[in-house]
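Subject: Structure handover and notes

Hello,

Below is the structure for you to look at. My notes follow it.

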Amino acid sequence: PSSSSASPSAHPPQPDLLLLTRNGLVKRTALSQFARVRANGTYGIKLREGTGDELVWVARCPAPGSRVLVASSDGQVLIFAADSLRPSSRASTGVAAMRLAPGACLVGMVVLPPADADAAAAVAGDPGGGAAVLLVTKQGLAKKIRAADLRTMRRAGQGVRGVRLVPGDALAAVLPVPARSDAGRDLLVGTAAGVMLRTPQS
């Protein structure tokens, strides 16, 4: 008689973490490396001394084929493949995410789904679906960009202009939003002075 043995249930793989600094360094580290964190914390990235750099964004990289969008204070945006980042140890230094212009810094990072997710939305008859990001400037201007309208480029490039800025303005933040503006969905925006504004997402 034949016999079969049940294999032990495999645990789903844990996602990696993406760490981004203000001066444009990015690294990918397995979440499992943070399983044991001391009470006083532990290093997640080695920053270069004397540069004034700081770790400001951490995001999960949930699936193979994910893309990373970074945006700089001068309005540039760049999408690159998360798979182009090799996993590294906690104590390692990151690599360049974007080549920054003099005086510019990064203002945010958004992890996007694989490009075929946007293509699937279009094939399903929903060209307005998929992922999108909202760019917000210091002077209160906002612009929404569909991820499908931006091509994936090589990491460490200059990217493309995401928003045209007037003199004295700068990009302040980049946020993930649905590409489709559903009726009744609003945006809540706060200023540095603590004032909250609510506006339709259109």
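Patches, as used here, are made of residues with over 30% relative accessible area and no salt bridge; like charges are joined within 9 Å, and nonpolar side chains (Val, Leu, Ile, Met, Phe, Trp, Tyr) within 5 Å. A salt bridge is a side-chain nitrogen of Lys or Arg within 4 Å of a carboxyl oxygen of Asp or Glu. Accessible areas come from the Shrake-Rupley method with a 1.4 Å probe, and for residues only the protein chains shown count as cover.

The model is predicted: local features need pLDDT of at least 70, side-chain atom pairs count only at pLDDT 80 or more, and totals for chains, interfaces and linings use all residues. Residues are numbered from 1 along each chain as its sequence is written, and side-chain values use heavy atoms, with hydrogens and water left out.

Surface patch. V189, V195 and L197 make a nonpolar patch of about 230 Å². L197 belongs to strand β13, residues 196–200 (strands are DSSP runs of E, at least two residues, numbered from the N terminus). The relative accessible area of L197 is 48%, so this residue is partly exposed (buried is under 20%, exposed over 50%, partly exposed in between).

Sheet. An open, antiparallel sheet is formed by four strands in the order β7-β4-β5-β10 (two strands pair if DSSP finds at least two bridges between them). β7 (106–112) and β10 (160–161) are at the edges with a single partner strand each, so one side of each has no neighbour in the sheet.

β4 covers residues 67–72 and pairs with β7 over six bridges. V68 stands opposite V111, and V70 has M109 as its bridge partner. On β5, to which β4 is joined by five antiparallel bridges, V77 is the partner of A71. The β4-β5 hairpin has three residues between its strands, and G75 in the turn has a positive phi of about 90°.

In a regular strand the side chains alternate between the two faces of the sheet. In β4, R67, L69 and A71 point one way and V68, V70 and S72 the other, and all are buried.

Two buried residues. T29, in strand β2 (residues 25–30), has a relative accessible area of 0%. A polar atom of its side chain lies 3.2 Å from the backbone oxygen of S88. Beyond four places in sequence, T29 is in contact (heavy atoms within 4.5 Å) with residues including D16, F34 and R90.

S92 is in the loop between β5 (76–81) and β6 (95–96). At 17% relative accessibility, S92 is also buried. Residues up to four places away aside, S92 touches K27, I45 and K46.

Regards

Definitions and conventions. Buried means under 20% relative accessible area, exposed over 50%, partly exposed in between (1.4 Å probe, protein chains only). A polar contact is a pair of N or O atoms within 3.5 Å; within protein, one must be able to donate a hydrogen and the other to accept it, and residues adjacent in sequence count only if both atoms are side-chain atoms.
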